[in-house]
Amino acid sequence: MWKTFADFFTADNSTPVPDSLPSPPQPTGLHEEQDNWTEGQSNGRHSLLVVSPYTSPPHLLDLATLNPSQVYLARVLSILAPVTHAYAVISYTKAFNWETVFTALATAVRDDAFKWTEQFFYIVVFRSQVAPSTNRGHLGELDKRAHAEAMKSGGLFKYWFGTPDADGRNLATCIWRQREDAHPGSSGEGHKAAMRATINMYSEWHIERFKLVIGNNVERWNLSPWTG
């Protein structure tokens, strides 16, 4: 049941879910400005994207390193949000606004006359229960350091984590370009420190892996357990 913690980040420094769980704003066209873009240093165009709760430079995704399809997906994932407060304990496929995300992606590629061909992506889910004695401030620092390391691979499109519920249960997730991008992110000193901390900081933890397939022209999508 339990997997190596080096495959993922710690994730309990708290991104609250609003009481009303409002629908997030729809992304604008690919070439328009958004609040979560940062001015690119080299060409004056918007090339850096906020993809996590962390907004300083080491945590930003450089869109210039991605192909056009990957840029579309990374941008639209800015609207990924939970649809229930029970996200930590229900099925991953039912916990988020996936239909909204992929409807927005389909609209964006259609409006830009962009040809999206079928491709797949790698997702990791970390479910945890925080021990009552856990210093969440320290846990947050470990998480932040590990995330900065993970961003160096260039393939982390989205990192989201929630707030522990009344029982201390929480969920965090990463959406990667490919599984190979996730491996370097789990080998740094920050991740090793996080791995050592799990013994005392979590009552339990569990990792799930998924394959996200997005079909031609975003006419279909599917989340299934990762095999192999």
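In which strand is R209 found? Once that is settled, please turn to helix α1 and describe how α1 packs with helix α3.

Analyst: This is a predicted model, and in it R209 is found in strand β7, which spans residues 202-214. R209 has a relative accessibility of 16%, and because buried means under 20%, this residue counts as buried. The side chain of R209 also makes a polar contact, at 3.1 Å, with the side chain of Y122.

Turning to helix α1, which covers residues 68-76, one finds that eight of its nine residues are buried, so that the helix is mostly covered; the buried residues are S69, Q70, V71, Y72, L73, A74, R75 and V76. The N-terminal end of α1 is capped by N67, a side-chain oxygen of which lies 3.1 Å from the backbone nitrogen of S69.

As for its packing, two packed helices are described by the angle between their axes and the distance between the axes. For α1 and helix α3 (residues 98-111), the angle is about 135 degrees and the axes are 10 Å apart, which makes α1 oblique to α3, and the crossing in which α1 passes α3 is right-handed. On the α1 side the contact involves Y72, L73 and V76, which meet V101, A104, L105, A108 and V109 in α3; sorted by class, this contact of α1 with α3 holds eight nonpolar residues, with no polar and no charged ones. Y72, L73 and V76 are also among the buried residues of α1.

Conventions
Residues numbered from 1 in each chain as written. Predicted model: local features only at pLDDT ≥ 70, side-chain atom pairs only at ≥ 80, totals over all residues. Heavy atoms only, no water. Buried < 20%, exposed > 50% of the residue type's maximum accessible area, 1.4 Å probe, protein only. Helix = DSSP H or I, 4+ residues; strand = E, 2+ residues; numbered from the N terminus. Polar contact = N/O pair within 3.5 Å; in protein donor to acceptor, adjacent residues only side chain to side chain. Axes fitted to C-alpha atoms, helices over the stretch in contact; angles between N-to-C directions. Parallel < 35°, antiparallel > 145°, perpendicular 65-115°, else oblique. Left-handed = near helix turned anticlockwise from the far one by under 90°. Contact = heavy atoms within 4.5 Å. Nonpolar A, V, L, I, M, F, W, Y, C, P; charged D, E, K, R; others polar.
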